[in-house]
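Trainee: I would like to learn how to read a model like this one, feature by feature, with the general idea before the particular case.

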Amino acid sequence: MSSRQRLTPDARRAQLLAVGARLFAAHPYADVQMEHVAEEAGVSRALLYRHFPSKHALFAAVYRQAADRLLAETRLDPADSLVDQLIQGMDVHLDYFVANRNAVLAANRVLAGDPVIQTIMTNELDALRGRLLAVLPLADERAREAVSGVLRSWLVFVQVLVVDWLSDETCTRTQVRDVCVGAVLGALRPLLADDPAPDWPRSGPARR
């Protein structure tokens, strides 16, 4: 173990989260051990456990931090077209999912049903749904309720589809993204007075 660097509690926690995020991204959840985290961070296990009492607690903190970052990086700007907003949001999430495949699969497969992890994911999906509702042209409260229900189901669809795709890449990343974008546009069209994306679908096969 390397000599321990003295850090403030907040800085030490941030360092441990960074190490945890890196290890959970690089290895399946079962293969990440707390002693590995401590060794990588150059701290004692006692110090690590002082900040995170268990591997589950560390993973939950890592995943909560990632969800907060994804929300911060997802820009839903009414100045952009709805399609551009959806593509930007999907790209931000897909970039993270691909780079952190093991962590995403752990949250959605290994820890499926875990109340702490599920709450983190539910809160992020609810925040994304609220942002989308804010940028859509909704005629009245009834339309808002209908669209809200569609968005809730669509976000779950995206979550399931992307997790399955991470396990078995049967199509390209861009195809996955465009399937998700096309699904929500098709679902929203009957509920909105004006077509939210008259130029969609785009012509030509998706690549990447």
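Trainee: Before that, what should I know about the model and its numbering?

Mentor: This is a predicted model, in which local features need pLDDT of at least 70 and side-chain atom pairs count only at pLDDT 80 or more, while totals for chains, interfaces and linings use all residues. Residues are numbered from 1 along each chain as its sequence is written, and side-chain values use heavy atoms, with hydrogens and water left out.

Trainee: How many helices and strands does the protein chain have?

Mentor: Helices (H or I, at least four residues) and strands (E, at least two) are DSSP runs, numbered from the N terminus. Here the protein chain has 9 helices and 0 strands, and its C-alpha trace spans about 65 × 35 × 30 Å along the principal axes.

Trainee: What percentage of the residues in the protein chain is buried?

Mentor: A residue is called buried under 20% relative accessible area, exposed over 50%, and partly exposed in between, using a 1.4 Å probe and protein chains only. By that rule, buried residues make up 43% of the 208 residues in the protein chain.

Trainee: How is a pair of aromatic rings described?

Mentor: A pair of aromatic rings is described by the distance of the centres and the angle of the planes. Rings of Phe, Tyr and Trp (its six-membered ring) pair if their centres lie within 6.5 Å, and planes under 30 degrees apart count as stacked, over 60 as edge-to-face and the rest as tilted. A search of the whole structure finds 5 such aromatic pairs. One of them joins Tyr29 and Phe59, which are edge-to-face, with 5.4 Å from centre to centre and 85° between the planes. Tyr29 lies in the loop between helix 1 (9-26) and helix 2 (34-41), whereas Phe59 is in helix 4 (residues 55-73), so the pair ties together parts that are 30 residues apart in sequence.

Trainee: Is the pair of Phe59 and Tyr63 stacked or edge-to-face?

Mentor: The ring centres of Phe59 and Tyr63 are 5.7 Å apart and the planes stand at 15°, so this pair is stacked. Both residues lie in helix 4, 4 residues apart, about one turn of the helix. An α-helix has 3.6 residues a turn, so residues three or four places apart point the same way. Phe59 counts as buried because its relative accessibility is 1%, and Tyr63 also counts as buried, at 7%. Phe24, Tyr29, Phe59 and Tyr63 form one aromatic cluster.

Trainee: Which charged end sits over the ring of Tyr29?

Mentor: A charge sits over a ring if NZ of Lys or CZ of Arg is within 6 Å of the ring centre and within 35 degrees of the ring normal. In this model the charged end of Lys55 sits over the ring of Tyr29, 4.2 Å from its centre.

Trainee: Which residues of the largest nonpolar core touch the most other members?

Mentor: A nonpolar core is a set of buried Ala, Val, Leu, Ile, Met, Phe, Trp, Tyr and Cys residues joined through side-chain atoms within 4.5 Å. The largest one has 67 residues, of which Phe59, Leu151, Trp154 and Leu185 touch the most other members. Helix 4 gives the most to this core, with 10 residues.

Trainee: What should helix 8 span, and what covers its buried residues?

Mentor: The expected span of a helix is 1.5 Å times one less than its number of residues. For the 27 residues of helix 8 (residues 141-167) this comes to 39 Å, which agrees with the 39 Å between its end C-alpha atoms. Among the buried residues of helix 8 are Leu151, Trp154 and Trp165. Their cover includes helix 5 (82-99), helix 6 (101-110), helix 7 (115-135) and helix 9 (173-188).

Trainee: Where does Leu132 lie, and which residues is it in contact with?

Mentor: Contact means heavy atoms within 4.5 Å. Leu132 lies in helix 7 and counts as buried because its relative accessibility is 6%. Leaving aside neighbours within four places in sequence, Leu132 is in contact with Leu76, Leu86, Leu151 and Trp154.

Trainee: Is the peptide bond from Trp200 to Pro201 cis or trans?

Mentor: That bond, from Trp200 to Pro201, is cis, with omega near 10°, and Pro201 lies in the segment after helix 9.
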